[in-house]
Amino acid sequence: MKIWKLGLAGLGGSRRSAAYMHHPRIRVTAICDQDADLLRQTGDELGIDPSGRFDRFDKLLASDVDVVMIGTPLPLHAEQAIAAMKAGKDVLCEVTAASTIEDCVSLVDTVKDTGRTYMMAENTVYFHFLQNWKQWIRQGLIGTVFHAECEYVHDIRSRIIDPDTGFVYWRNERPPLHYCSHSLGPILEMLDDRIVRAMGIGSSKSVVPNGGVGCIDMQVALFETSKGCTIKLLRSSVAPRTPEIGHYALYGSKGQIENGRHGYEGDGWIYVENHPLFGETAQSLKCEISNPDATEAMAKGGHGTSEYYLLQDFIDALDRRSQPPIDVYRAIDYTLPGIVAQQSAEQGGIWLEVPDLRIS
């Protein structure tokens, strides 16, 4: 079977790209970064030939890689994904897909025009417990879901402004609501739904008073889906909290399910009205991000076993010359609501329509 040659663009902020090196169908043959020391260090670690080490993205695109993994800062994602596909490369892109509505449109148009395979690497969708929930919800275990809540509160102040040097990173200009895919992705995947309306609020900066929009204390968004479900989202990159919280809760006509509030893993609970196993009172529910039946090799790279299953779906799509589960449209479903919610926040919290790029 074909071994896919992968080029890694961006070696700093997201080293989880290392997870993609452990799959037997992937061989990293090229890397790209503007940081000469990081390029040398990573190249030595991975055994990349000097001819496969690039300090410019266009040089990487001129190489013979089949796939480009984009792990550069978010403002570059759409631009670089578009350039890669136009250069004849397939793309696996870090979250989120874009930071403007215009870039979302351009990304969709490029996938249609080039026919290349594009996938956004939203790993939370592949967390083991959320995959189980997806099956239960699709089977109707808690009935018709009419409301969901999701939170991603992750204190990364040191990645926004360096506490020692005062250097300001690109995340200083990324509103919390723009980084919404870890929250919305699993909810929309479980519901097989998309968001049609959005509103957002939140602009105070008391934790990092002199920071940019990326240092907003907390932002809240409300969404409505095409099936009439409401969703509440809570996002912060600076609120003092440990561990980080990735919280999900779904309310249905027959019951309710949610995970705990101490990171992702641990005990959650489920209640299903008049159910022989879950009825009467809420039952404890184990939440694991790793598949307990997975091999040791499948867990390499971090984030449980999610990276393995994500990459396997991408490779399957490459083999078929088709679009993967988180294709460009699903990537926009997970990305665009946060962009629109931020526009709402800037306009005083008004409701705004979220365009459906499938019909634009």
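**Exercise 1.** Determine whether Y264 is buried or exposed, and describe how the ring of Y264 is placed against the ring of F127.

*Solution.* 
Step 1. Y264 has a relative accessibility of 12%. Buried means under 20% relative accessible area, exposed over 50% and partly exposed in between, with a 1.4 Å probe and protein chains only; Y264 therefore counts as buried. This is a predicted model, in which local features need pLDDT of at least 70 and side-chain atom pairs count only at pLDDT 80 or more, while totals for chains, interfaces and linings use all residues. Residues are numbered from 1 along each chain as its sequence is written, and side-chain values use heavy atoms, without hydrogens and water.

Step 2. F127 is buried as well, at a relative accessible area of 2%.

Step 3. Rings of Phe, Tyr and Trp (its six-membered ring) pair if their centres lie within 6.5 Å; planes under 30 degrees apart are stacked, over 60 edge-to-face, and the rest tilted. The centres of the F127 and Y264 rings are 5.0 Å apart and the planes stand at 85°, so this pair is edge-to-face.

Step 4. The two residues are 137 residues apart, F127 in the loop between β6 and α5, and Y264 in the loop between β12 and β13. Helices (H or I, at least four residues) and strands (E, at least two) are DSSP runs, numbered from the N terminus.

Step 5. Together with Y248, F127 and Y264 form one aromatic cluster. The structure holds seven aromatic pairs.

**Exercise 2.** State which charged end sits over the ring of Y179.

*Solution.* 
Step 1. The criterion is that NZ of Lys or CZ of Arg is within 6 Å of the ring centre and within 35 degrees of the ring normal.

Step 2. The charged end of R174 sits over the Y179 ring, 4.1 Å from its centre. K2 likewise lies over the face of W4, at 4.8 Å from the ring centre.

**Exercise 3.** Describe how strand β10 pairs with β7 and with β9.

*Solution.* 
Step 1. Two strands pair if DSSP finds at least two bridges between them.

Step 2. Strands β7 (residues 145-153) and β10 (residues 230-236) are parallel, with seven bridges. Here E149 stands opposite K232 in β10.

Step 3. Strand β9 (residues 219-225) runs antiparallel to β10, and six bridges join them. Q219 has R235 in β10 as its bridge partner.

Step 4. β9 and β10 form a hairpin with four residues between them, and G228 in the turn has a positive phi of about 90°.
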